[in-house]
Amino acid sequence: MTTNFPFLVRFIVKDRSNLGTSVYRKPINTGLLLHYQNHVDNRYKRALLKTMLNQVFFLSSSWIALSEEYYRLRDIF
């Protein structure tokens, strides 16, 4: 039996005696970001990508969850 708990930015999955975590995205999240050619300094664009990658790395407890989130971010960017 698997139980899912969305908690802040972390999604906790309980499967019998194991706990797993991944990034939680609200159902209304469309993945829209600023257009790359907007007049925003490049350091903010790089910082956004770096922050999102760090969040995925630290919140994912398995390589499967990590790779799924990396593919999702690749599609967004």
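Guide: By class, the residues lining the largest pocket are nine nonpolar, three polar and two charged. The space inside comes to about 320 Å³. The lining has 14 residues, and those closest to the centre are Leu34, Tyr36, Lys45, Leu48 and Phe77.

Visitor: Which helix gives the most to the lining of the largest pocket?

Guide: Helix α1, residues 42-59, with six residues.

Visitor: Why does Tyr36 count as exposed?

Guide: Its relative accessibility is 57%. The cut-off for exposed is over 50%. Tyr36 is above that cut-off, so the label is exposed.

Visitor: Where is the place of Tyr36, and what is Tyr36 in contact with beyond its neighbours within four places in sequence?

Guide: Tyr36 is in the loop between β3 (18-23) and α1. Leaving those neighbours aside, Tyr36 is in contact with Asn42 and Lys45. Contact here requires heavy atoms within 4.5 Å.

Visitor: What makes Phe57 and Phe58 an aromatic pair, and why is the pair called edge-to-face?

Guide: Two values decide. The ring centres are 5.3 Å apart, and the cut-off is within 6.5 Å, so Phe57 and Phe58 pair. The planes make an angle of 80°. Over 60 degrees counts as edge-to-face, so that is the name. The count by this rule is one aromatic pair.

Visitor: Why is Phe57 called partly exposed, and why is Phe58 called exposed?

Guide: Phe57 has a relative accessible area of 44%. Phe58 has 62%. That is over 50%, so Phe58 is exposed.

Visitor: How many helices and strands does the protein chain have, and which pattern does the chain follow?

Guide: Two helices and three strands. Along the sequence the pattern reads β-β-β-α-α. Of the 77 residues, 17% are buried, meaning under 20% relative accessible area.

Visitor: Which element has the lowest mean pLDDT, and which the highest?

Guide: Strand β1, residues 2-7, has the lowest, at 58. Helix α1 has the highest, at 88. The chain averages 79, and 86% of the residues score at least 70. Where pLDDT is low, the predicted coordinates should not be read in detail.

Notes: Residues numbered from 1 in each chain as written. Predicted model: local features only at pLDDT ≥ 70, side-chain atom pairs only at ≥ 80, totals over all residues. Heavy atoms only, no water. 1 Å grid on protein atoms, 1.4 Å probe; cavity = no way out; pocket = protein on both sides within 12 Å on 5 of 7 lines; lining within 4 Å. Points joined across faces, edges and corners; volume = space filled by probe spheres on them. Helix = DSSP H or I, 4+ residues; strand = E, 2+ residues; numbered from the N terminus. Nonpolar A, V, L, I, M, F, W, Y, C, P; charged D, E, K, R; others polar. pLDDT = per-residue confidence, 0-100. Phe/Tyr/Trp six-rings, centres within 6.5 Å; stacked < 30°, edge-to-face > 60°. Buried < 20%, exposed > 50% of the residue type's maximum accessible area, 1.4 Å probe, protein only.
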